Amino acid sequence: MIVSGRILMGLLALTGLHAWAAEVSVPQISQLSPQTLAQAVEDDTISVPTPGELLAALNKVGKPNWQAQYRPPIPTAYTSRPQIALNLGGLIADGYIAVEAEDSQQVKNIGKDIMTLAKTLGISENILRRGKSIEDFAEQNEWSTLKEELEATQNEVKLAMDEQHDEDLTTLVTLGGWIRGTEAVSGWIANNYTEPEAKLLRQPAIVALLRSRLAALPAKTREDDLVKGLDPRLKSLQDTVSFPASGTPTQADVKKLNGTAADLISSITSKR
């Protein structure tokens, strides 16, 4: 999937909004019946947007200063595999942000952290080539190619986890990336508020899908202290992004959403 060309294809197929980002319209997913949504989740016809897709959607309606959404380096010496997976997803989102900012040094720094966490999970060999490509493309300022390479890296990570029978961790990589992407996008909109940009934040079905995947994790993973605390925060986030289809979140609403996403990220990155 090319980041700039196919935004939220699973969502668009269900809603018929074939130019979501270009038209700055919002998918009417919340109008689906619970039965339809459940079937869509089961069939995997609703897809969680990659961090790159979230950022690309905002780029369609504004010119964000993505450097303003950088965060301090996170720890990379975690021992919990679920926590590593969540932070790996968040780092991939950071990579997209650095690419959007066209900051080659930041891309390389984040790439090294991605490799460190991947090695901890035992999958570094699978993405070593990708890591080297990211560094090379950053050196050459090939930003469009870097977006594709980051998505390929995320896919390689998930494939490697599946091959290691760590399928539950792929859900956590996806979740970590989406939360970090949402934190960055909502942070920018909160500080540079416009109604068209704010409407991009209406994603109740995405959060519902993520919560359903979280609930379907193996019991051992669900009992992890960090994982147990995610769903209540996701429920709060879902409430925040479930504003009416005909309405627009206020700046206060966006700030609340950003605070909830930031709280989630803080819990994910905290050493235990």
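Mentor: One cut-off before we zoom in: a residue counts as buried under 20% relative accessible area, as exposed over 50%, and as partly exposed in between. Keep in mind that this is a predicted model.

Let's get our bearings. The protein has 15 helices and zero strands. Of its 272 residues, 53% count as buried. If you take the contacts with a separation of 6 or more, 77% of them come from residues 24 or more positions apart.

The side chain of R233 pairs up with that of D263 in a salt bridge, at 2.6 Å from N to O. R233 sits in helix 14 (residues 230–240) and D263 in helix 15 (residues 251–269), so this pair ties together parts that are 30 residues apart in sequence. How accessible are the two partners? R233 has 29% relative accessibility, so it counts as partly exposed. D263 is at 36%, so it is partly exposed too.

Now look at the side of helix 14 that meets another helix. Packed helices in general are described by the angle between their axes and by the distance between those axes. Here, helix 11 (residues 204–215) packs with helix 14 at an angle of about 165°, and the axes are 9 Å apart. Since roughly antiparallel starts over 145 degrees, helix 11 counts as roughly antiparallel to helix 14. The crossing of helix 11 past helix 14 is left-handed. If you want to click through the residues, helix 11 brings P204, V207, A208, R211 and L214, while helix 14 answers with L230, D231, L234, K235, L237 and Q238.

K235 turns up again inside helix 14. It forms a salt bridge with D239, and the closest N and O atoms are 3.0 Å apart. Both residues lie in helix 14, four residues apart, which is about one turn of the helix. Why does that spacing work? An α-helix has 3.6 residues a turn, so residues three or four places apart point the same way. On accessibility, D239 is partly exposed at 47%, and K235 is partly exposed at 36%.

The structure holds 10 salt bridges. Another one brings together the side chains of K108 and E139, at 2.7 Å from N to O. This pair links distant parts of the chain, with K108 in helix 6 (residues 104–120) and E139 in helix 7 (residues 124–139), 31 residues apart. K108 has a relative accessible area of 15%, so it is buried.

From its first C-alpha to its last, helix 9 reaches 37 Å, close to the 36 Å expected at 1.5 Å a residue. T182 lies in helix 9 (residues 167–191), and at 3% relative accessible area it is buried. Leaving aside neighbours within four places in sequence, T182 is in contact with L54, G187 and L257.

Technical notes. Residues numbered from 1 in each chain as written. Predicted model: local features only at pLDDT ≥ 70, side-chain atom pairs only at ≥ 80, totals over all residues. Heavy atoms only, no water. Salt bridge = Lys/Arg side-chain N within 4 Å of Asp/Glu carboxyl O. Helix = DSSP H or I, 4+ residues; strand = E, 2+ residues; numbered from the N terminus. Buried < 20%, exposed > 50% of the residue type's maximum accessible area, 1.4 Å probe, protein only. Contact = heavy atoms within 4.5 Å. Expected span 1.5 Å × (residues − 1). Axes fitted to C-alpha atoms, helices over the stretch in contact; angles between N-to-C directions. Parallel < 35°, antiparallel > 145°, perpendicular 65-115°, else oblique. Left-handed = near helix turned anticlockwise from the far one by under 90°.
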